[in-house]
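Open your viewer and follow along, one selection at a time.

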Amino acid sequence: MGQLARPNAGEDGRLLFAMDATMSRQPTWDMAVSLQAGMFEAIPKDAALQVQLIYFRGLGECRASKWVVDAKALGRMMSTIACQGGNTQIGRVLNHARDEHRQRRIHALVYVGDAIEENVDALCAKAGELGLMGLPLFVFQEGRDPRVEAAFKEFARLSKGAYARFNSGAPQQLADLLKAVAAYASGGRAQLKLQPSGAARALLTQIEGR
């Protein structure tokens with residue numbers, strides 16, 4: 001029996017990697033720099049993964065990088081960025097994702113953060129728009145703020161994505177989550193099923209229930 005074709009066969013998987021880079025996030029940012037290479041290890045051997053970094057910090061700064069296809073390039077970009085005080089700008093991240101997706105399909109958007117300082121209903125509307133466009137949002141929360149958890153879970157549901165919480169003191173949790181999303185972006189649910197971690201299974205269960 002021949003092998004089943006990958007869902008993204010003929011095109012690179014595209015993953016938009018969004019992070020909160022406000023002042024309190026520096027330890028998690030540094031951890032993500034050290035873990036991001038694992039995303040490129042989770043993709044099929046016959047596939048490539050394009051990743052774009054988008055982050056916000058300071059007084060209204062929200063920037064997106066060029067698309068890169070290897071861990072060294074992404075790591076170099078992330079290592080030059082220092083977190084700065086400021087409010088969250090999740091809405092701008094979601095707007096950017098929408099606009100990029102319209103130009104060329106993005107297979108997954110991952111957002112890592114711990115706070116929301118914007119109108120949650122407005123953000124839910126943007127997340128729902130992404131869901132209608134076929135761009136799932138994977139939201140990874142650091143910490144246990146119940147208000148943030150409720151909102152993040154709703155963003156994931158509306159976009160037909162998934163939610164997970166991780167502990168900053170357990171880097172393997174975030175590593176497994178990032179690998180799982182990279183696998184999904186490059187090969188869909190079939191590739192995600194091949195990931196052995198509990199994090200991957202939990203994300204898959206949510207996606208299949210949408």
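Predicted model: local features only at pLDDT ≥ 70, side-chain atom pairs only at ≥ 80, totals over all residues.

**Stop one: a helix pair**

Residues are numbered from 1 along each chain as its sequence is written, and side-chain values use heavy atoms, leaving out hydrogens and water.

Select residues 198-208 for helix 8; its axis runs 10 Å from that of helix 7, at an angle of about 50°. That makes the two helices oblique to each other. From helix 7, pick residues including Leu177, Val181 and Tyr184; from helix 8, Leu203 and Ile207 are among those in the contact (heavy atoms within 4.5 Å).

**Stop two: the cores**

Now show the largest nonpolar core, with 48 residues. Such a core is a set of buried Ala, Val, Leu, Ile, Met, Phe, Trp, Tyr and Cys residues joined through side-chain atoms within 4.5 Å; buried means under 20% relative accessible area, with a 1.4 Å probe and protein chains only. Helix 7 (residues 171-193) gives the most to this core: eleven residues. Select Phe140 next. Its contacts beyond four places in sequence include Val110, Phe166, Leu178 and Leu203.

Apart from that core lies another, of 26 residues, Ile90 and Phe152 among them.

**Stop three: Leu123**

Find Leu123 in helix 5 (residues 120-133). Is Leu123 buried or exposed? Leu123 is buried, at 2% relative accessibility. Finish on Phe155: its C-alpha atom is 7.6 Å from that of Leu123, 32 residues apart along the chain.

Technical notes
Buried < 20%, exposed > 50% of the residue type's maximum accessible area, 1.4 Å probe, protein only. Helix = DSSP H or I, 4+ residues; strand = E, 2+ residues; numbered from the N terminus. Axes fitted to C-alpha atoms, helices over the stretch in contact; angles between N-to-C directions. Parallel < 35°, antiparallel > 145°, perpendicular 65-115°, else oblique.
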